[in-house]
Amino acid sequence: MGRVAIVGVGHSKFGRRTDVNVAELAFESIKGAVEDAGIDKKEIKNVVVGSAGGWYEESLPAVIVNEYAGLDSVGTMRVEAACASGSAALKAACNSIASGEGDIAMAVGVEKMTEVDTMTSVELIGRAGSYTWEFENYGMTFPAYYALYAVAHMNRFGTTEEDMARVAVKAHHYGSMNPNAQFQKEITIEKALGSQVVSWPLKLYDACPLSDGSAAVILASEDVARKLTDTPVWVRGIGYSSDSANLSRRPDYVGLGASVEAARRAYSIAKVEPSSVDVATCHDCFTIAELMAYEDLGFCKKGEGAKMIREGETEIGGRIPVNLDGGLKAKGHPIGATGVSMAVEVTKQLRNEAGSRQAPIKNGIGLVHNVGGTGHYAYVTILSRD
């Protein structure tokens with residue numbers, strides 16, 4: 001299998017995008033990625049579109065997206081792994097190059113979630129748990145799922161509502177520096193703690209928003225990457241795993257088993273340790289999810305996630321800066337776009353192009369952690385400068 005590098009990235013503005021349809025929204029990031037890579041779009045032979053779908057007008061978005069972008073006759077498909085659809089697209093595009101199928105491919109993530117009202121969207125996402133056992137019979141939706149995790153983590157490890165509020169404050173701080181973020185205003189711990197309870201102990205500021213948006217990355221084989229750019233970002237390893245859709249079949253609610261296994265596989269393939277990671281994007285759909293991710297990814301021991309946020313270890317200047325783009329919490333979470341958006345951020349960080357949000361890069365290693373469902377899917381991607 002050959003080496004594969006990211007040679008171009010593009011990103012749309014996230015938020016409520018009533019000004020564009022889904023193809024136009026995808027084109028915003030595709031245009032940026034093609035220009036960043038310095039290629040003619042005719043050189044792209046394979047386009048993988050990550051999109052969970054169901055919210056917007058098109059049920060078969062891949063060809064629609066390609067046609068609007070002028071990508072005629074390319075090999076293409078849409079992939080779905082719930083909120084990890086973007087990372088699944090990146091994995092499929094990467095495989096197509098590593099296998100020798102072609103030299104240049106593109107992964108595009110796109111979602112347009114605000115075309116339906118909030119309650120419909122909550123139901124659509126809620127059905128992504130375990131429909132018959134949990135949604136239909138007990139009315140479980142995602143705030144309730146992650147409230148279970150939060151309560152379990154609080155009871156076992158002493159994590160507090162203030163700890164989760166600190167995650168929200170950090171996200172909004174860095175989101176205020178990101179022009180593509182949905183929320184660009186800072187908040188205080190008091191504001192987060194005083195916001196409306198959604199599903200105790202989770203409040204409004206513990207949850208990510210519903211979002212529209214797209215992101216794209218251009219991938220190339222080693223020979224082509226070295227001709228195109230002096231700053232290729234290599235895909236060192238992608239680990240992915242899954243878990244039961246039924247929460248009653250999981251051993252506990254203080255972490256995601258799929259994340260632990262995906263991380264173990266990614267570190268093994270990339271031959272790196274968690275301590276080597278300079279910067280990371282973690283799946284913070286709710287604030288408790290980011291604290292669990294610190295632990296599941298091996299950044300700290302189980303139960304010490306809250307200690308990391310209290311001591312500023314995941315801020316710039318800390319041991320492993322996390323979600324310097326604002327994360328899902330403040331940047332936004334257009335489901336199919338999120339995994340690709342995370343890869344865009346880590347690529348920019350490794351290229352030292354993140355401006356005021358730039359993390360110190362010592363080892364040249366970045367990590368992308370993307371979860372689908374309630375931990376149904378998990379993808380961990382290790383990127384590096386060398």
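**Pockets and a cavity**

The lining of the largest pocket is made up of 18 nonpolar, 10 polar and three charged residues. Keep in mind that this is a predicted model.

How much space lies in the largest pocket? The volume is about 740 Å³. Its lining counts 31 residues. To find the centre, look for Thr118, Ala207, Cys208, Pro209 and Leu210, the lining residues closest to it. Two elements each give two or more residues to this lining: helix H4, which runs over 118–126, and helix H6, which covers 142–157. H4 gives the most, with four residues. Thr118, one of the residues closest to the centre, falls in the range of H4 (118–126).

Now move to the second largest pocket. Its volume is about 290 Å³. Here 14 residues form the lining. Gly2, Cys94, Val235, Arg236 and Ile269 are the ones nearest the centre. Which elements give two or more residues to this lining? They are helix H3 (85–98) and strand E8 (233–242). E8 gives the most, with five residues. Val235 and Arg236, both among the residues nearest the centre, fall within the range of E8, 233–242. Cys94, also in that central group, falls within the range of H3, 85–98. By class, this lining divides into eight nonpolar, three polar and three charged residues.

About 50 Å³ of space lies in the largest cavity.

Its lining can be traced residue by residue. Start with Tyr146, Leu256, Ser259, His283 and Cys285, which are among the lining residues. Go on to Ala289, Met292, Ala293 and Asp296, which also line the cavity. His369 and Val371 complete the list. H11 gives the most to the lining, with four residues. By class, the lining of the largest cavity has seven nonpolar, three polar and one charged residues.

Tyr146 lines the largest cavity, and its number falls within the range of H6 (142–157), a helix that gives two or more residues to the lining of the largest pocket.

How values were computed:
Residues numbered from 1 in each chain as written. Predicted model: local features only at pLDDT ≥ 70, side-chain atom pairs only at ≥ 80, totals over all residues. Heavy atoms only, no water. 1 Å grid on protein atoms, 1.4 Å probe; cavity = no way out; pocket = protein on both sides within 12 Å on 5 of 7 lines; lining within 4 Å. Points joined across faces, edges and corners; volume = space filled by probe spheres on them. Nonpolar A, V, L, I, M, F, W, Y, C, P; charged D, E, K, R; others polar.
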